[in-house]
Amino acid sequence: MLTTRPRGTSDILPGEVEKWQYLEQVIRNLCREYGYREIRTPIFEHTELFERGVGEATDIVEKEMYTFKDRGNRSISLRPEGTAAVVRAYLENRLYAGPQPVKLYYLGPMFRYDRPQAGRYRQFHQFGVEALGSHDPALDAEVMAMAMDLYSRLGLREIELHVNSLGCPQCRPVFRERLREFFRERDGVLCRHCRDRLERNPLRILDCKEEGCRGAAQGAPTVLGSLCSPCEDHFRAVLGYLEQLGVPYTVNPYLVRGLDYYNRTAFEVVARDVGAQSSIGGGGRYDGLVEACGGPDVPGIGFASGLERVLLAMERQGISVPSPPGLDVFLVAADEAAREQSLVLVQQLRKSGLAADRDYMGRSLKAQMKFAGKLGVGLVAICGAGELARGAVILRDMRTGIQEEVPLSKLVEEVKLRCTGRKESAPVNGNHAGA
Ligand code: HAM
């Protein structure tokens with residue numbers, strides 16, 4: 001137990017973490033360009049927020065939440081998603097009192113107790129955006145275009161956008177009733193859960209993965225056939241804007257989402273290459289959520305994307321990411337006296353903005369050189385008593401093997417010169433994302 005992490009979690013080690021940093025950087029740039037600012041909310045919230053926000057009859061709340069009593073006997077849940085928390089923060093901090101829409105994004109871990117498999121984890125990471133305060137269908141289109149823009153910047157191919165409208169509190173009850181009638185005639189083949197859902201939340205049956213339920217759902221009425229005219233106008237406008245933006249989409253009238261807060265626009269982004277867990281992102285409009293959480297009647301739209309799934313799709317499509325620069329220089333001490341001096345020197349190099357390191361294992365000169373080679377450092381500064389007495393160090397280019405003595409007073413300058421020269425002539429990895 002002590003040396004095993006909990007199922008469905010992962011350690012992101014150096015070598016892998018650079019991909020995450022790259023992805024996060026692309027995301028941050030994207031958000032800046034679309035006018036979204038970062039929000040960081042707690043990892044845990046009061047359970048009630050998700051019960052009310054995400055919906056009590058959803059799988060997420062019923063089966064997948066990490067819920068526990070804290071020492072003050074309050075029911076707390078690790079966040080299974082970000083939207084409810086952002087809405088809570090929007091209300092608590094009175095962000096509705098300022099100029100609208102409020103465009104926020106987040107990046108961070110989410111928790112769902114589900115059966116782990118490739119692309120599905122118990123602790124996973126989401127990037128999400130939420131735009132609160134506007135009914136404008138152009139914003140729905142912008143959010144979808146933004147999602148697709150992200151995937152294209154990452155170099156992902158064969159990504160599909162599936163769109164639907166889920167109607168509103170005026171027209172959805174009509175659709176719900178039509179669905180109930182349809183499934184009542186087929187309730188013999190529904191799974192236990194769906195028989196239960198039939199009365200409480202029949203839309204969820206459309207999302208069930210059980211074979212019997214999928215078969216029963218064939219030919220089910222679609223929500224698009226029950227939309228009221230304001231919802232129909234909204235949906236038409238959204239699709240029109242997507243076309244204007246040149247964002248390809250497929251209308252999927254059976255698309256329902258695993259969270260109850262959606263109304264009108266709902267969408268999912270699917271990648272062919274990630275296997276069973278093909279949804280790399282999803283979102284939609286949630287115009288009633290702010291009010292359901294005790295706030296004013298404020299509309300909202302957003303989406304979230306699973307970072308593990310995005311990275312998995314990139315890996316399967318052979319997309320490499322630019323590797324971040326490593327150390328600029330490694331200090332090798334030729335003898336004991338130099339070892340002490342190198343501690344000061346390495347610090348000086350760092351203070352001048354260079355990435356530098358030295359040995360802390362008491363290695364021999366030869367072993368230090370070998371270690372520097374393993375680190376892949378391009379430049380080594382060798383200092384020994386002799387050089388230090390002359391106020392100098394030897395700079396060795398690890399690629400060419402050429403050595404040169406430089407005065408200590410010029411060490412920073414000389415290292416910088418060589419690093420710039422090397423960076424400028426560095427080969428470009430041909431398969432960079434977005435290149
Ligand atoms: P969601 O569809 O539940 O929506 O999750 C969004 C994305 O998170 C999924 O498309 C998937 O990529 C990723 N994801 C979900 N569960 C897991 C898991 N167990 N392991 C790995 N990745 C996972 C939401 O969470 C909504 N809050 C999205 C939203 C934002 N709607 C409006 N605003």
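Colleague: What relative accessibility does Arg184 have, and as what does it count?

Modeller: At 37% relative accessibility, Arg184 counts as partly exposed. Bear in mind that this is a predicted model, in which local features need pLDDT of at least 70 and side-chain atom pairs count only at pLDDT 80 or more, whereas totals for chains, interfaces and linings use all residues. Residues are numbered from 1 along each chain as its sequence is written, and side-chain values use heavy atoms, with hydrogens and water left out.

Colleague: Which residue meets Arg184 in a salt bridge?

Modeller: A salt bridge here is a side-chain nitrogen of Lys or Arg within 4 Å of a carboxyl oxygen of Asp or Glu. The side chain of Arg184 meets that of Glu199 in such a bridge, at 3.4 Å from N to O. The pair links distant parts of the chain, with Arg184 in helix H6 (residues 172–184) and Glu199 in helix H7 (residues 192–200), 15 residues apart. Helices (H or I, at least four residues) and strands (E, at least two) are DSSP runs, numbered from the N terminus. Glu199 is partly exposed, with a relative accessible area of 45%. Salt bridges that share partners join Glu177, Arg180, Arg184 and Glu199 into one network.

Colleague: How many salt bridges does a search of the whole structure find?

Modeller: The search finds 36. One of them joins the side chains of Arg272 and Glu158, at 2.3 Å from N to O. Arg272 lies in the loop between strand E9 (263–271) and strand E10, and Glu158 in the loop between helix H5 (137–153) and strand E7 (159–165), so this pair ties together parts that are 114 residues apart in sequence. Arg272 is exposed at 54% relative accessible area, while Glu158, at 47%, counts as partly exposed.

Colleague: Turning to polar contacts, which side chain does Thr47 contact?

Modeller: A polar contact is a pair of N or O atoms within 3.5 Å; within protein, one must be able to donate a hydrogen and the other to accept it, and residues adjacent in sequence count only if both atoms are side-chain atoms. The side chain of Thr47 makes such a contact with that of Ser75, at 2.7 Å. Thr47 belongs to helix H2 (residues 47–53) and is buried, with a relative accessible area of 5%. Asp287 is another case: its side chain is joined to that of Arg285 by a polar contact of 2.8 Å. Asp287 is buried as well, at 9%, and sits in the loop between E10 and helix H10 (289–292).

Colleague: How many residues surround the ligand?

Modeller: A residue is near a molecule if one of its heavy atoms lies within 4 Å of it. For the ligand there are 26, the closest being Glu81, Thr83, Glu130, Tyr261 and Tyr262. They divide into 10 nonpolar, 10 polar and six charged. In this count Ala, Val, Leu, Ile, Met, Phe, Trp, Tyr, Cys and Pro are nonpolar, Asp, Glu, Lys and Arg are charged, and the others, Gly among them, are polar.

Colleague: What backbone geometry is found at Gln100 and Pro101, and at Asn73?

Modeller: A cis peptide bond joins Gln100 and Pro101, with omega about -5°. Pro101 is in the loop between helix H4 (83–92) and strand E5 (102–111). Asn73 has a phi near 65°, a positive value in a residue other than glycine. Asn73 lies in the loop between strands E3 (67–69) and E4 (75–78), and is exposed at 57%.

Note on methods. Buried means under 20% relative accessible area, exposed over 50%, partly exposed in between (1.4 Å probe, protein chains only).
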